[in-house]
Each structure stands twice: as structure tokens, then as C-alpha cells.
Amino acid sequence: MPQTPPATEPRRPGPPQLLSRDQFADAAVAIIEREGPDAVSIRRLAAELRIGAMTFYGYFRDKDELLDYVVERAARDLSLPAGEGPWRSRLQDLMETIWIGLTEDRSIVSIRSRKPLLTPASLLATEAGMQILTEAGFATEEAAGAWRLLFTYVFGYASFSSPEAAPEMKREWAEQMGALPADEYPLITAAAEGLPEWMTGRQPFDFGLGLILDGLELRLARAGH
């Protein structure tokens, strides 16, 4: 006659799982990439991580501190180029590095478009850029203004352009521009076939950055540097 197995005690819940600040940041980034920063809330994060909403406050004071941490973490992980060589090539390498970082993590663009961030890691690129500019011959105040121009260009380009559009997307853009009334848009319709090449990707980025660097170089030359 088979023996009845002994009764087992019901499993008791273990201690609450310990989370990390990075897990909250990862959850926030996932929400931002799907729905934008407005969709991030403490209640939503709690649901994503399967925790009570009050647990959040053991890691961050509020949503703003969490979003600051997301940007700080991304800035900390950005590998800034080595500071060697002529100032122009160093500055170009730095701006390209920032641009690639922003295009690879679109959530950072969404967050930083709402307010300036002055966290230590987020200012590392600023320090590097201003050092290049002051070593080139700009006064500190001019270097700050030049850096603002450079960063605004890179940030704006990352906000409105992808690294490279698919060929079918470019064909669609060309068709839309070519279909405009030629009497009202003579320049656009005449160049519609080639204009999509200047709407996204590396070529227009390098061209615009080059124009800014040309202007900075000319300013230094006029000042005798």
C-alpha cells in the first residue's frame, strides 16, 4: 500500500528583494523609449518593478532625482576622447563622441531637453570642451559661449535627426518634396532627389560642425592666436 507523503508547510514569503538605483533607471529608460518622459511616474515604476510605490523613496527623493541619475549614469559611461593633437581635431572628436552617445540613447535627449543638468558627470564634457577652447586661445567667457553653441548644435542635431535613414525613407522624402508646387518651391523641387541626403546622417552633421569650427578658427586668427 503506497505511503502518503508527509504534509509540507506552506512556503513563507522571503525577505523583500533588494533593488539597485540602476534597476530603477533601467525601468525609467524603458518607459521613456516607449512613451516619453511624461509617462514616467512613481506608481508606474513600482508596477514595472513589482514593488510597492513607497519602496521608491528608499532610493530616490522624487522623479526628478531619478531622471537626473539616468543622465548622470549615461554621462559617466561616455568615453571622452584623449586630449591630444590640434585643438580643432580634438574638439571635433569630442563633439562627435557626444553626438553618437545621444543618438544611441534617445532617452537622454528627452530628459535633457527639459532642463539643464549640472551634475558632476554631466559636466565632464563641458570641462573637456572648455579646456580645449581655452588652450586654443579663447578667454574663459568666450570659451563658455563657444561651448554652448557647439553643444546646442550637437544636441539639436541629435534631437531632430537619426544617425542614418533607410533608403526607402529617403525615397519617400524625395517624393514628398518633389510633389510640392514648383512655382512656390522652385529650389526644393529642383533639388528634391538629393535633399534627403542632407536631412540625416553623418554628412550634414560633419558639414554643420565644420562651419562652426571654421568660424571659431577665424575668430582666433583675427585675435592673433
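**Core packing and charged contacts**

Arg-44 is partly exposed, at 24% relative accessibility (buried means under 20% relative accessible area, exposed over 50%, and partly exposed in between, with a 1.4 Å probe and protein chains only). The model is predicted: local features need pLDDT of at least 70, side-chain atom pairs count only at pLDDT 80 or more, and totals for chains, interfaces and linings use all residues. Residues are numbered from 1 along each chain as its sequence is written, and side-chain values use heavy atoms, with hydrogens and water left out.

The side chain of Arg-44 forms a salt bridge with that of Glu-48, at 3.6 Å from N to O (a salt bridge is a side-chain nitrogen of Lys or Arg within 4 Å of a carboxyl oxygen of Asp or Glu). Both residues belong to helix α2 and are 4 residues apart, about one turn of the helix (helices, H or I, of at least four residues, and strands, E, of at least two, are DSSP runs numbered from the N terminus). Glu-48 is likewise partly exposed, its relative accessible area being 36%. A network of salt bridges links Arg-34, Glu-35, Arg-44 and Glu-48. The salt bridges number 13 under this rule.

Glu-96 is buried at 12% relative accessibility, whereas Arg-202 is partly exposed at 37%. A salt bridge of 3.0 Å, N to O, also connects the side chains of Glu-142 and Arg-219. Here helix α7 contributes Glu-142 and helix α10 contributes Arg-219, and the two are 77 residues apart. Glu-142 is partly exposed, with 33% relative accessibility.

Helix α10 also holds Glu-217, a partly exposed residue at 37% relative accessibility. Beyond its neighbours within four places in sequence, Glu-217 is in contact with Trp-87 and Arg-88 (contact means heavy atoms within 4.5 Å). The C-alpha atoms of Glu-217 and Trp-87 are 9.7 Å apart, across a sequence separation of 130 residues. With Arg-88, the side chain of Glu-217 makes a polar contact of 2.9 Å (a pair of N or O atoms within 3.5 Å; within protein, one must be able to donate a hydrogen and the other to accept it, and residues adjacent in sequence count only if both atoms are side-chain atoms). In helix α3, Arg-73 is buried, at 14% relative accessibility. Its contacts outside four places in sequence are Asp-22, Ala-25, Asp-26 and Val-29.

The largest nonpolar core has 52 residues, and the members touching the most others are Leu-91, Met-95, Ile-98, Leu-133, Trp-147, Leu-150 and Leu-216 (such a core is a set of buried Ala, Val, Leu, Ile, Met, Phe, Trp, Tyr and Cys residues joined through side-chain atoms within 4.5 Å). Helices that each supply at least two residues of this core include α1 (21-35), α4 (87-104), α6 (124-136), α7 (140-160) and α10 (202-222). The most, 10 residues, come from α7. Leaving out neighbours within four places in sequence, Leu-133 is in contact with Leu-91, Phe-138, Ala-143, Ala-146, Trp-147, Leu-150 and Leu-216.
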